[in-house]
Every structure is written in structure tokens, then in C-alpha cells.
Amino acid sequence: MFDNTHAHITTWVIGIILFFTALYLHKSGKKKAMKIVHMTLRLFYLLIILTGALLFWKHQGIYPMQYGIKLLGGLWVIAMFEMILVRTNKGKSTGIFWAQLIIALILTIYLGAWLPIGLWSMV
Ligand code: HEM
């Protein structure tokens, strides 16, 4: 968990799947099922942050600024997941949060891949 990114990747991939599943359930009118998936997703937020924080703690000394931006980008993605789901539930507009989610996801995945640990290291 400290030296490879497998656990971290597993948690955020499951997180993305749960996010889209919750939106699909909302569209299908399955409110109770959506609530359960949303609660599960919240548990995965913690796992994403925990696995990311363990990697950060061990390796950030190499590129402190890039690691810092990666951490903030990851938190930004999670915040946008939450804003979109809560506002969708309330019937409020979500356009600006979708735009932010796309930017945050591109930034976070690009930086994650650029940084030296892991499957797609580009350094
Ligand atoms: C949904 C949100 C997130 C996504 C989509 C994401 C995505 C990624 C990706 C694509 C990688 C590269 C994996 C590899 O090359 O094998 C990575 C690595 C990493 N992530 Fe995240 N991440 C997220 C959240 C976080 C959070 C919240 C933190 C910090 C608390 C974090 C810290 C890290 C660290 C430290 C690495 C290792 C970078 C390296 O040294 O190569 N991530 N992440």
C-alpha cells in the first residue's frame, strides 16, 4: 500500500463506478437503492483518501509541490462527486460541477500518472 498504487487505483476505480451507478439509479427513480450506493461511495471516499495519503506520506519528499497538487486534485474530484449527487437529489443544476469534475479528473489522473510511483509513471 505504501510502495505501489494498486490499492489506490482499486478504490478510485470503484468510486467512479459507484458514482455513475448512483446517478443511473436516480434516473431510474430507485431512490432507496441510490441512497445505499451513495453511502457506499462515501465509504470509498475514505478509502481513496486513506490509500492516497499513505502514498503521499511516504513519497511526497521527491516532488512536494506536484504531490501537493495531486492531493488537492484528488480531494477536488471527491468534492465534485458529492456536490453532483447531493444537488441531483435536490433537483438543482449541476453543470458547473460537471465542468469542474472533468477538469479535476484530468488534472488528478495526469499528475498521478506523471509522478514516479505506479503503473504509468511518466517521469
Ligand atoms: C477520485 C480521486 C482520485 C483519482 C482519480 C486519483 C488518481 C490517481 C492515479 C491515476 C494515480 C497514478 C497511479 C499509477 O500510476 O499507478 C494516483 C496516484 C497517487 N495518488 Fe491519487 N487519485 C485520487 C485521489 C487521491 C487523493 C485524495 C490523494 C491524497 C490524499 C491521492 C494521492 C496519490 C498519490 C500520493 C499517488 C502516487 C503518485 C506517485 O508517486 O506516482 N490521490 N492517483
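Student: Where does the ligand sit?
Tutor: The ligand sits in the largest pocket. A pocket here is an open set of points on a 1 Å grid over the protein atoms alone, with protein on both sides within 12 Å along at least five of seven lines. Sitting in it means that more than half of the molecule's atoms lie within 2 Å of the pocket's grid points.

Student: Before I go on, what kind of model is this?
Tutor: This is a predicted model, where local features need pLDDT of at least 70, side-chain atom pairs count only at pLDDT 80 or more, and totals for chains, interfaces and linings use all residues. Residues are numbered from 1 along each chain as its sequence is written, and side-chain values use heavy atoms, with hydrogens and water left out.

Student: What about the side chain of H8?
Tutor: An N or O atom in the H8 side chain is 2.8 Å from a ligand nitrogen. For the K70 side chain, the distance to a nitrogen of the ligand is 2.6 Å. With Y67, a ligand oxygen is 2.2 Å from a side-chain N or O atom.

Student: New topic: how many aromatic pairs are there?
Tutor: The structure holds six (ring centres within 6.5 Å; planes under 30 degrees apart are stacked, over 60 edge-to-face, the rest tilted). One of them is F19 with W98, a tilted pair at 5.7 Å centre to centre and 55 degrees between the planes. That pair links distant parts of the chain, with F19 in helix 1 and W98 in helix 4, 79 residues apart.

Student: Is F19 buried or exposed?
Tutor: F19 is buried, at a relative accessible area of 0%, whereas W98 is partly exposed at 26%. Buried means under 20%, exposed over 50%, and partly exposed in between (1.4 Å probe, protein chains only).

Student: Which residues do ring pairs link into a cluster?
Tutor: F19, F20, F81 and W98.

How values were computed
A polar contact is a pair of N or O atoms within 3.5 Å; within protein, one must be able to donate a hydrogen and the other to accept it, and residues adjacent in sequence count only if both atoms are side-chain atoms. On a 1 Å grid over the protein atoms alone, a cavity is a set of points where a 1.4 Å probe fits but cannot get out, and a pocket is an open set with protein on both sides within 12 Å along at least five of seven lines; lining residues have an atom within 4 Å of a point. Helices (H or I, at least four residues) and strands (E, at least two) are DSSP runs, numbered from the N terminus.
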